[in-house]
Amino acid sequence: AVCRRGLADQGMEAIATPFERAAPLLRRAARVDTTMGAASIDALCAQGVSYVIRDGGQDVAAYNLAKHGPVCWVMAAGGGTPAHDLTRTVLPHIEAQAAAMGASQVAVTTRRRGLVRKMERLGYEITGITLRKRIP
């Protein structure tokens, strides 16, 4: 299924795809792992649906969404393009997808402070902080 809402004006599209196609882009998110190795990108994404963002016929980014109750979680996201701010471009599209799935919220776990600032400017708010410590 191809969905263009929020992306068409940028010449991009999001396509639901098997995880295997999105995996190389999604695995880029492992460098900012929020689980301290407790879960792989593959395991996190097994809960949701993967999408690739295409720009000019190329797969440039990917994300995975999983709905739990009223919340649509972005389980992983990776990739990028110098031509577009994907946070600003893709988040409205994800919000529309979440609403179509019957969700009333979109949630993201990240350790990227710059992404937090960008998302706050887009109306997201910090609703908690997760601290982890490895124990023997």
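Predicted model: local features only at pLDDT ≥ 70, side-chain atom pairs only at ≥ 80, totals over all residues.

Trainee: Let us take M119: is M119 buried or exposed, and why?

Mentor: M119 counts as buried, because its relative accessibility is 7% and the cut-off for buried is under 20%. You will find M119 in helix α4. Leaving aside residues up to four places away in sequence, M119 touches T87, L91, V108 and Y124.

Now follow the chain onward from there. The segment after α4 (113-121) contains I129. I129 counts as exposed, because its relative accessibility is 73% and exposed means over 50%. Together with I126 and L131, I129 forms a nonpolar patch on the surface. The accessible area of these three residues together is about 400 Å². Further along is P136, which is 17 residues from M119 in sequence. In space, the C-alpha atoms of M119 and P136 are 35 Å apart.

The chain has four helices and six strands, and from the N terminus on they run β-β-α-α-β-β-β-α-β-α. The radius of gyration is 15 Å, close to the 14 Å that the globule rule gives for 136 residues, so the chain is as compact as a globular protein of that length. Along the principal axes, the C-alpha atoms fill a box of roughly 50 × 30 × 30 Å. M119 counts as buried, and buried residues make up 39% of the 136 residues in the chain. Of the contacts between residues at least 6 apart in sequence, 60% join residues at least 24 apart. The chain exposes about 8,100 Å², with carbon and sulfur atoms supplying 52% of that area.

For a contrast with the nonpolar patch, look at the charged pairs. Side chains of opposite charge can pair when their charged atoms come close. The structure holds three salt bridges. One of them joins D59 and R21, with the closest N and O atoms 3.0 Å apart. This pair links distant parts of the chain, since D59 is in strand β4 (residues 58-68) and R21 is in helix α1 (residues 19-26), 38 residues apart. D59 also forms a salt bridge with R54, at 2.5 Å between the closest N and O atoms, and R21, R54 and D59 are linked in a network of salt bridges. D42 forms a salt bridge with R27, where the closest N and O atoms are 2.7 Å apart.

Key
Residues numbered from 1 in each chain as written. Heavy atoms only, no water. Patch = residues over 30% accessible without salt bridge, like charges linked within 9 Å, V, L, I, M, F, W, Y side chains within 5 Å. Areas by Shrake-Rupley, 256 points an atom, 1.4 Å probe, with all protein chains shown as cover. Salt bridge = Lys/Arg side-chain N within 4 Å of Asp/Glu carboxyl O. Helix = DSSP H or I, 4+ residues; strand = E, 2+ residues; numbered from the N terminus. Buried < 20%, exposed > 50% of the residue type's maximum accessible area, 1.4 Å probe, protein only. Contact = heavy atoms within 4.5 Å. Rg over C-alpha atoms; globule rule 2.2 N^0.38 Å.
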